[in-house]
Amino acid sequence: MALNLNWRKYMFFRKTTRKVSIFILATSMLSLFGGVAYGQKTHLDIEGHWAEHTLSKWLSEGLIKGYSDQSLKPNNVITRGEFMALVNRQFDFNEVEEIHFTDLLSSNWSYLEVQKAVKAGYIQGYKDQTIRTSKPISRQEAAVIVAGLLKLPSNEKATLAFKDSSEFVYWSKGAIGASFSKKIIAGYTNGTFRPVSPITRAEAVVMLDKAKTLIQEQETESESEGNENIASPSIPTVSSNSGSTSTSNGSGAPSTTTGVKTSTVITTKGVKAIQGIAQVVTLTITSGANAPGSLRVTFTDGVNPVTVYVELDGTEMDSEVASKVARAFDNTLTGWDVDVERASIYFTAVYPAVNNDQVKATVESTMTGVVSSGSVITVPGSIHNNVGTAQVATLEIENGATSPGSYYVYFTDEGVSVRKDFYMMGTETADEVASKIAGAFGTSVAGWITEADGSKVHFTSQWPGTHSESVRIYALEASGVGTPSSTLTVSGDPNTNTSQVITLSLPNSETGDGPIGVKFTDGIFSWTAYVSMMGSPETGSELADKIAAAFGSTIPNWIVTARGREVIFTAELPSENNIKAMARLSGLNTGIGMPDSTVTTVGAAHPVGDAQVATLVIDSGATAAGTITAKFTDGHITILQDVKLLGTENAAEVAMKIAMAFNNSLADWDVRSNDRNVIFTARVPSENNPNLSVVIEEATVGIGVVSSSITTPGNDMYAGVKQAITLKIEAAPSNQGIIRVLFQDGTNEVTKRVRLLGTETLDEIADKIGSEFGDSITGWNVTTIDQNVIFTANTPEDNKPNVSVVVYQE
């Protein structure tokens with residue numbers, strides 16, 4: 001049988017080469033391609049499944065195969081790479097094109113499928129030159145791909161059938177509606193669509209099967225009508241932008257050609273390396289194990305050490321030790337691939353970069369019982385000579401005007417408020433609208449300079465070193481009730497148990513009819529309700545009722561009601577007053593919409609510098625007598641101190657002995673212990689030294705002293721370090737509920753709400769948070785390792801001191 005043959009090949013590769021990459025490749029291929037013999041139905045887990053008929057059809061046609069346990073796992077999620085493979089097979093895409101994605105090696109099983117997808121035109125990758133084939137594909141991404149294949153016209157109106165249509169983002173809404181209207185994709189029994197949920201194997205197969213059927217029906221109809229105007233499959237790039245959400249009461253919602261769409265502003269674009277050599281560090285095991293015990297293996301690039309533990313039974317040959325070490329490192333290193341061949345473990349940089357002399361891997365035993373994961377730089381050193389950073393707020397115009405009308409742009413900064421009025425001819429492009437706005441403001445706002453940059457209008461503070469949270473620029477359009485904005489009627493105060501109240505007051509009557517939009521923002525997210533004014537004799541009170549009904553309960557943590565001709569937004573819980581919360585009303589005739597500004601550069605005062613601190617954490621005390629060596633290095637000098645242990649010391653006592661051993665041996669550093677931490681503090685502020693490290697070394701268990709060597713120096717056009725910030729989950733939940741996680745870096749502010757059942761482990765909480773963020777933060781990659789959620793900058797840049805991740809309990 002094909003399955004047995006594939007499994008024997010896999011076991012043969014594992015026993016002979018032990019290359020981790022081959023293990024990963026074999027596993028991936030088994031999950032997607034490795035199946036039972038042709039025509040043999042042993043996939044019991046699809047019997048009675050809602051997609052059984054289509055899945056059985058695809059199995060018989062060889063378009064999809066099962067797993068090694070003879071299951072199909074129809075409810076498992078499918079990755080972007082696997083989805084491309086299904087699309088290519090279903091639509092016979094076989095031509096390839098040369099590709100250069102930074103996160104995809106030619107040895108990866110999906111490399112050929114991506115080549116086909118790029119050639120077919122339905123995938124182009126992300127702005128950071130990645131393709132992310134191992135990332136689960138969402139239902140909205142799949143809908144966009146299929147709608148593009150079939151050249152379906154956008155149909156946003158059809159999405160109103162779903163209860164969660166307000167959660168649809170602008171780049172997928174029309175495609176979801178189009179696919180739904182053609183019965184290619186459906187929602188769930190509770191009336192929702194769940195756009196960001198990963199699509200399952202069964203859902204993907206049924207979706208692509210219906211898409212192919214629709215094409216065949218179109219071809220049949222075309223032949224009967226004697227024409228050949230059949231659209232050839234072509235799919236646009238799937239984007240990962242996220243915009244503000246909208247809801248509607250079904251009356252007069254604007255089309256996508258007239259509504260403004262906001263997007264995340266990228267202020268600094270990364271530069272992809274176009275040539276160079278990827279660095280390789282080789283760790284060679286020179287002898288096998290002759291006694292049972294544990295190995296502690298540490299890999300470091302001079303900044304981020306990663307430690308794994310390997311248990312040995314004392315009988316392993318050198319190649320078996322190497323294989324165990326490589327498997328332990330699997331998926332733990334960011335920016336490095338780990339392979340093994342015989343007794344050598346290869347750490348290969350994913351991207352070409354300037355050679356890093358501080359990259360190394362070390363092997364230590366844990367015979368004394370002392371465990372330390374090495375030092376970490378807990379306070380980066382810095383010395384600043386700049387005069388501060390000038391704040392920049394940016395208003396981006398994404399749509400030009402499509403109809404004539406009056407347009408108003410407001411600038412506000414605490415006590416300062418400036419309004420400029422414009423008349424749009426209806427023919428202006430987005431760039432021309434931006435140019436008009438910049439020209440009108442000029443230097444009329446005290447302390448601010450205004451200039452246009454394409455479709456963006458930048459407001460730059462003339463005083464570097466200050467930052468105002470109250471800066472906001474927004475645009476409104478004339479309507480039959482004017483352009484009212486909300487006022488703060490009750491200030492929030494948790495000390496007096498008072499909830500904040502925002503009130504939008506409307507006039508008594510309407511002077512015209514037509515569509516209007518009401519946008520509410522809490523300073524991070526925004527929600528828009530679309531309604532139609534009927535004109536006289538409709539009153540302001542009737543219009544307020546319509547607006548409140550359109551919002552319903554779509555705004556988390558806020559209650560929307562109507563009282564007379566007022567629309568009242570009330571915070572559900574008492575909290576500190578939110579100065580950014582506001583609501584405003586605008587007409588929707590010109591097509592420009594209601595854009596909001598974002599702070600693209602945070603104002604920062606001149607800092608005085610920080611003394612660098614590196615902390616060595618002793619994770620456990622000694623359990624046996626022996627000698628450990630503490631090694632301090634700053635990249636220039638190396639100091640070794642031997643510390644004798646009796647085998648009875650706890651972690652705090654080991655830390656104290658190490659600190660006493662160093663005493664005054666370091667000229668520019670103070671050393672002290674605090675509980676189980678050994679703290680090395682620079683005596684004066686200076687530039688951060690990424691090469692600083694402190695490690696504990698000890699004789700290994702029968703395999704000799706082992707350390708790595710740089711076997712391939714890296715080389716590239718630029719150097720740098722990618723900043724990373726880690727959110728560590730310290731305690732598991734005791735009750736179910738919702739937490740809110742806020743990421744901000746001075747440019748981006750992204751909040752995700754995570755629902756907890758109260759039974760999750762620390763690792764599962766981290767996975768949930770990482771999954772919610774996904775690729776939603778421009779310029780940052782989010783991954784998880786154990787109980788840690790790691791936010792890593794996509795490109796090396798200067799350290800951003802404003803980066804933070806905060807968790808709130810709702």
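**Figure 1. Helix 10 and strand 12 at the negative patch.** Helix 10 (430-441) and strand 12 (448-453) each supply at least two residues of the negative patch. Helices (H or I, at least four residues) and strands (E, at least two) are DSSP runs, numbered from the N terminus. The model is predicted: local features need pLDDT of at least 70, side-chain atom pairs count only at pLDDT 80 or more, and totals for chains, interfaces and linings use all residues. Residues are numbered from 1 along each chain as its sequence is written, and side-chain values use heavy atoms, with hydrogens and water left out. Asp431, Glu432, Glu451 and Asp453 form the patch. Patch residues have over 30% relative accessible area and no salt bridge; like charges are joined within 9 Å, and nonpolar side chains (Val, Leu, Ile, Met, Phe, Trp, Tyr) within 5 Å. A salt bridge is a side-chain nitrogen of Lys or Arg within 4 Å of a carboxyl oxygen of Asp or Glu. Asp and Glu count as negative, Lys and Arg as positive; His and the chain ends are not counted. A charge is placed at NZ of Lys, CZ of Arg, CG of Asp or CD of Glu.

**Figure 2. Glutamate 432 in helix 10.** Helix 10 holds glutamate 432. Glutamate 432 is partly exposed, at 42% relative accessible area. Buried means under 20% relative accessible area, exposed over 50%, partly exposed in between (1.4 Å probe, protein chains only).

**Figure 3. Serine 179 in helix 7.** Serine 179 sits in helix 7 (residues 170-181). Its relative accessibility is 0%, so serine 179 counts as buried. Leaving out residues up to four places away in sequence, serine 179 touches Ala143, Ala147, Leu152, Ile184 and Ile185. Contact means heavy atoms within 4.5 Å. Alanine 147 is 32 residues from serine 179 in sequence, yet their C-alpha atoms are 6.0 Å apart.

**Figure 4. Helix 5 and its cover.** Helix 5 (residues 111-120) is largely enclosed by the rest of the structure, because eight of its 10 residues are buried. These are Tyr111, Glu113, Val114, Gln115, Lys116, Ala117, Val118 and Ala120. Their cover includes helix 4 (80-90). Just after helix 5, glycine 121 has a positive phi of about 95 degrees.

**Figure 5. The protein around these views.** The protein has 13 helices and 35 strands. Of its 810 residues, 48% count as buried. Among contacts between residues at least 6 apart in sequence, 70% join residues at least 24 apart. The accessible surface is about 37100 Å² (Shrake-Rupley method, 1.4 Å probe; for residues, only the protein chains shown count as cover). Carbon and sulfur atoms account for 51% of this surface.
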